[in-house]
Amino acid sequence: MPLLFLNIDQLDDNVNSLVFLLPFVLAAMYAIFIAARYHYWFRYRPIEPRYKLILEKHFDYYRNLTPKLKGAFERRVSLFIRGKSFYGKEGLEITDEMRVMVAASAVQITFGFQFFQLPRFSKIFIHPTKYFNPQTQKLHKGEVYPMGRWIRLSWDNFLYGFGDPKDGINLGLHEMTHAMSLENRIRTNEAHSYINPQAHATWEKLALKEIEKIKRKEKSLFRAYASANLEEFLAVSVEVFFEQTQAFYAYHPALYKATAQLLKQDPLRNKKNGVK
Ligand SMILES: [Zn+2]
């Protein structure tokens, strides 16, 4: 029996060293607990009350969420604001309203993906109105540029988008959809391939058919610009998905469901059951 050979002095030594180490082990465990909690609160600390007021006042999507989901939305808006740099262009001064509304439009598009914050894009440029792009030699309302890590928006057009929440036109949702889709496609990103490939394939098949329909000038719920390519179709149809939800579902239930599966959320269910 091995027990017979156990040296009692050695056992005492072992017990003594364990007792000696115990406070250090407990201290280390406590430090890990505090660090984890601090990390959580630092990243997802509650939103500032003045930001919350702006959400309550101006953001329909947020107002329609359940109280629990409102809390999650607020924390993600707060984290987005703290994680990005906002720059006003052509003398425009960045306001709280700009920070909150831009952050909320990004969180709305990505709310189905857990903790997702468009990490590729760290800079938000806001122009007062349409701006000249020297590369395209055109005036733009907004664009996203993954190489430069920025999203660019014109504030008057952004506000116009949220001015009528039912017209199916929303620059903020449009550009944030481009950003989200690019994040998913660029393999060197911190975040990529989070869209379920099967859901994407189903959506793509239906989207290509709808693009052909628009090109044939047949009647469609989506504006002509959606037929430019798959990326534009996604951005335009997401505007309609959130702003003309019922009409989208009635028009093309299969494409509606495919879009909901792609984004992992369904606005038809938001009001009753929260985002799924
Ligand atoms: Zn676009």
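In what order do the four strands of the open sheet stand? The notes below come to that, after a word on the model.

1. **The model.** This is a predicted model: local features need pLDDT of at least 70, side-chain atom pairs count only at pLDDT 80 or more, and totals for chains, interfaces and linings use all residues. Residues are numbered from 1 along each chain as its sequence is written.

2. **Overview.** The protein has 12 helices and six strands; these are DSSP runs numbered from the N terminus, helices being H or I with at least four residues and strands E with at least two. Of its 276 residues, 34% count as buried. Here a residue is buried if 20 or more other C-beta atoms lie within 10 Å of its own, exposed if 12 or fewer, and partly exposed in between, with C-beta atoms placed from the backbone. Among contacts with a separation of 6 or more, 65% join residues 24 or more positions apart; a contact needs C-beta atoms, placed from the backbone, within 7 Å.

3. **The sheet.** To answer the opening question, the order is β1-β2-β6-β5, and the pairing is mixed. Two strands pair if DSSP finds at least two bridges between them. The edges are β1 (85-88) and β5, each of which pairs on one side only. From one strand to the next, the twist averages 15°.

4. Strands β5 (residues 142-145) and β6 (residues 150-154) pair in the antiparallel sense over four bridges. V144 has I151 as its bridge partner in β6, while Y145 stands opposite W150. Four residues lie between the strands, and R149 takes a positive phi near 60°. In a regular strand the side chains alternate between the two faces of the sheet. In β5, G142 and V144 belong to the covered face, and E143 and Y145 to the uncovered one.

5. **Helices across the sheet.** Helix α6 lies across β2 (123-127), β5 and β6, running at about 75° to β6. Helix α7 lies across β5 and β6, at about 15° to β5. For such angles, axes are lines fitted to C-alpha atoms, for helices over the stretch in contact, and the values run from 0 to 180 degrees between N-to-C directions.

6. **How α6 meets α7.** Helix α6 (residues 155-163) and helix α7 (residues 171-185) pack at about 110°, with axes 7 Å apart. That makes α6 roughly perpendicular to α7, a label for angles of 65 to 115 degrees. N157, F158, G161 and F162 of α6 make the contact with L171, G172 and L173 of α7. By class, this contact has four nonpolar, three polar and no charged residues. Ala, Val, Leu, Ile, Met, Phe, Trp, Tyr, Cys and Pro count as nonpolar, Asp, Glu, Lys and Arg as charged, and the others, Gly among them, as polar.

7. **Helix α4.** The 17 residues of α4 (residues 67-83) reach 24 Å from first C-alpha to last, close to the 24 Å expected at 1.5 Å a residue; the expected span is 1.5 Å times one less than the number of residues. Its buried residues include F73, R76, V77 and F80. Among the elements covering the buried residues of α4 are α2 (49-58), α3 (60-63) and α5 (96-110).

8. **A look at F80.** Why does F80 count as buried? F80 has 21 C-beta neighbours inside 10 Å, so it counts as buried. Leaving out residues up to four places away in sequence, F80 touches A103, A106, V107 and Q117. F80 and A103 are 23 residues apart in sequence, yet 5.8 Å apart in space, C-alpha to C-alpha.

Terms used. Parallel < 35°, antiparallel > 145°, perpendicular 65-115°, else oblique. Contact = placed C-beta atoms within 7 Å.
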